[in-house]
Amino acid sequence: MEQQVTEKKDARDVKAGAETRDNGGREGRGDNRGERRGGRGRDRDSRRSEEEKEFVEKLVTLNRTAKVVKGGRRYSFSALTVVGDKKGRVGFGFGKANDVTEAIKKSIDRAKRNLIVMPVKNGTIPHEMIGNYKSSSVLLRPACPGTGIIAGGAVRAIMDAAGATDIISKSLGASASVNVVRATFDAIQHLMNAKTIASGRGKTLDELWG
């Protein structure tokens, strides 16, 4: 009898020790998972804050449209945004959603995916250029230091985001904001970079400009 009681006690002690180890392991895993998740969240937040610091975001237009349905009116919003780093990189995006903040967020994300490089030297562009998109035309002209940005709302936002400080522009066609922005980007894409032309001809910048 004494031997059976001793064996039962030993079995209970072994079982209790195993349960304690399992619980401790689970708690440790849970803590580690929480730490890992927290670390990933902090990394994402820091990346987003760095991107926000890097880029300047400018809202060009925000439109509201209404759709009449059986229960009343259903509103949706469209946003046109320009994004740039003030160092020559600039892009634009167009977003639609049922909420204002979501529409702006979509347009900013699309603008960051469609960045182009604008050649800026001493705060202005290297030469004159006309951009066209459908019935809109935009003239961009270099200016002397101290002139400032002489432009309308859409073109001014693009030049601010790109980092240009002295430029003259004129809208020559239709004044729809979306078309004006696309015409401005058409002009920027056709601007010639002095370094690229010099390297293509096998010359230095001093030799090219005399």
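Predicted model: local features only at pLDDT ≥ 70, side-chain atom pairs only at ≥ 80, totals over all residues.

**Entry 1: the pocket**

I started with what lines the largest pocket: nine nonpolar residues, four polar ones and three charged ones. That lining is made of 16 residues. Pro119, Val120, Lys121, Asn193 and Ala194 are the ones that lie nearest the pocket's centre. For the volume I noted about 310 Å³. I also checked which helices take part: α5 (194–201) and α6 (205–209) each supply at least two residues of the lining.

**Entry 2: the open sheet**

Next I followed the strands. Four of them form an open sheet in the order β1-β2-β3-β4, with antiparallel pairing. The edge strands are β1 (56–69) and β4 (116–117), and each of these pairs on one side only. I then looked at β2 (residues 72–84) and β3 (residues 89–97), which run antiparallel and are joined by eight bridges. One spot I marked in β3 is Gly95, with Ala79 standing opposite.

**Entry 3: a serine in a helix**

Ala79 and Gly95 came up again when I moved on to Ser107, which touches both of them. Ser107 sits in helix α2 (residues 100–113). Is Ser107 buried or exposed? Its relative accessibility is 0%, so I wrote down buried, as the cut-off for that is under 20%. Leaving out residues up to four places away in sequence, Ser107 also touches Thr81, Gly93 and Phe94.

**Entry 4: strands around β8**

Then I turned to β8 (residues 167–171), which pairs with β6 (residues 136–142) in the antiparallel sense over five bridges. In that part of the model I found Pro142 with Ile167 of β8 as its bridge partner. β8 also runs parallel to β7 (residues 149–150), and two bridges join them. Here Ile150 has Ile168 of β8 as its bridge partner.

**Entry 5: the helix in between**

β7, α3 and β8 make a β-α-β unit, and I noted its hand as left-handed. Why is helix α3 largely enclosed by the rest of the structure? Seven of its ten residues (the helix covers 153–162) are buried, so that is the reason. I listed the buried ones: Ala154, Val155, Ala157, Ile158, Met159, Ala161 and Ala162.

Key. Residues numbered from 1 in each chain as written. Heavy atoms only, no water. Buried < 20%, exposed > 50% of the residue type's maximum accessible area, 1.4 Å probe, protein only. Helix = DSSP H or I, 4+ residues; strand = E, 2+ residues; numbered from the N terminus. Contact = heavy atoms within 4.5 Å. Pairing = 2+ DSSP bridges. Right-handed = clockwise from strand over helix to strand, strands pointing away. 1 Å grid on protein atoms, 1.4 Å probe; cavity = no way out; pocket = protein on both sides within 12 Å on 5 of 7 lines; lining within 4 Å. Points joined across faces, edges and corners; volume = space filled by probe spheres on them. Nonpolar A, V, L, I, M, F, W, Y, C, P; charged D, E, K, R; others polar.
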